Amino acid sequence: MIETIPLPTTDDPVDHAFWQGCLDSQLLIQSCNDCGHVQHPPRAMCPMCQSMELGWNRASGMGTIWSYTIPHAPLLPAFAEIAPYIVAVIMPDDFPGLRIVGALADPGGNSIGGIDPGTVAIGMSVRLTFVQLVDDVALPCWFPAEAGITWEKEKQQ
Ligand SMILES: [Zn+2]
């Protein structure tokens with residue numbers, strides 16, 4: 001667990017289902033029941049047809065790095081502790097019109113960071129994992145699906 005990172009509000013009716021899905025290791029993507037528009041992050045209304053009838057679709061958890069960055073100091077203390085880490089913009093394979101921002105983590109979701117930035121590239125395939133921040137908040141994160149990627153934790157062993 002990473003208890004010192006600022007936590008999202010998870011009891012808002014607009015995105016409560018999204019955060020509950022994360023606790024269940026599911027990435028839920030919101031869509032409009034009237035026009036089919038897909039959106040992320042979750043909203044109270046469809047921006048295309050103004051419908052309030054919104055539903056949820058489970059994403060496969062496969063995606064592609066569309067862009068990424070490595071945050072540098074000054075960072076909030078909680079993020080300074082885990083730096084260097086990579087924040088990526090992910091294009092989900094099954095929702096190619098969407099972009100989801102998430103950190104890269106180890107495959108087991110034990111920690112954010114620990115990946116050699118030199119091994120990350122735009123266009124790289126990634127898979128979904130969840131990092132448990134506290135008991136009631138799991139953060140969707142991604143790890144490179146390609147072989148040849150090593151994490152600090154593995155290097156130390
Ligand atoms: Zn709509």
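Is Gln50 buried or exposed? Gln50 counts as exposed, because it has 10 C-beta neighbours inside 10 Å; a residue is called buried if 20 or more other C-beta atoms, placed from the backbone, lie within 10 Å of its own, exposed if 12 or fewer, and partly exposed in between. The structure is a predicted model, in which local features need pLDDT of at least 70 and side-chain atom pairs count only at pLDDT 80 or more, while totals for chains, interfaces and linings use all residues. Residues are numbered from 1 along each chain as its sequence is written.

**Overall architecture**

The secondary structure comes to three helices and eight strands, and along the sequence they follow the pattern α-β-β-β-β-α-β-β-β-β-α. Helices (H or I, at least four residues) and strands (E, at least two) are DSSP runs, numbered from the N terminus. The C-alpha trace spans about 50 × 30 × 30 Å along its principal axes. The radius of gyration of the protein is 16 Å, which agrees with the value near 15 Å that a compact globule of 157 residues would have; this radius is taken over C-alpha atoms, and the globule rule is 2.2 Å times the number of residues to the power 0.38. Of the 157 residues, 29% count as buried. Among contacts between residues at least 6 apart in sequence, 54% join residues at least 24 apart, a contact being a pair of residues whose C-beta atoms, placed from the backbone, lie within 7 Å.

The protein is divided into domain 1 (9-58) and domain 2 (60-157), with bounds that come from an automatic or database domain assignment. Their centres, taken over C-alpha atoms, are separated by 22 Å. Nine residues from domain 1 and 12 residues from domain 2 take part in the contact. On the side of domain 1 that touches domain 2, helix 1 gives the largest share, three residues, and the residues of that side divide into six nonpolar, three polar and no charged. Here Ala, Val, Leu, Ile, Met, Phe, Trp, Tyr, Cys and Pro count as nonpolar, Asp, Glu, Lys and Arg as charged, and the others, Gly among them, as polar.

The largest nonpolar core has 29 residues, of which Ala88, Leu104, Val131, Ala138, Leu139, Cys141 and Trp142 touch the most other members; such a core is a set of buried Ala, Val, Leu, Ile, Met, Phe, Trp, Tyr and Cys residues joined through C-beta atoms within 7 Å. Elements that give two or more residues to this core include helix 1 (16-23), strand 1 (28-32), strand 7 (125-134) and strand 8 (137-144). Because domain 1 and domain 2 both give residues to this core, it lies between them. Leaving aside neighbours within four places in sequence, Leu139 is in contact with Cys22, Phe130, Val131 and Leu133.

In helix 1, Phe18, Trp19, Gly21 and Cys22 are buried. They cover an arc of only 155° around the axis, which puts them on the same side of helix 1; the arc is that of the directions from the helix axis to the C-beta atoms. What covers these buried residues includes strand 1, strand 7 and strand 8.

**Two residues and their surroundings**

Gly113, found in the loop between strand 6 and strand 7, is buried, with 20 other C-beta atoms within 10 Å. Leaving aside neighbours within four places in sequence, Gly113 is in contact with Ile82, Ala83, Pro84 and Tyr85. Val87, in strand 5, is partly exposed, with 16 other C-beta atoms within 10 Å. The C-alpha atoms of Val87 and Thr69 are separated by 5.5 Å, although these residues are 18 residues apart along the chain. Not counting residues up to four places away in sequence, Val87 touches Tyr68, Thr69, Pro71, Val101 and Ala103.

**Backbone geometry**

Most residues other than glycine have a negative phi, and most peptide bonds are trans. The following backbone values can be set against that background.

| Site | Feature | Value |
|---|---|---|
| Ser25 | positive phi, not a glycine | about 60° |
| Gln50 | positive phi, other than glycine | near 65° |
| Ala73 and Pro74 | cis peptide bond, omega | about 5° |
| Ala83 and Pro84 | cis peptide bond, omega | about 0° |

Ser25 lies in the loop between helix 1 and strand 1 and counts as partly exposed, with 13 C-beta neighbours inside 10 Å. Gln50 is found in the loop between strand 2 (38-39) and strand 3 (54-58). Pro74 has its place in the loop between strand 4 and helix 2 (77-82), whereas Pro84 lies in the loop between helix 2 and strand 5.

Definitions and conventions: Two residues are in contact if their C-beta atoms, placed from the backbone, lie within 7 Å.
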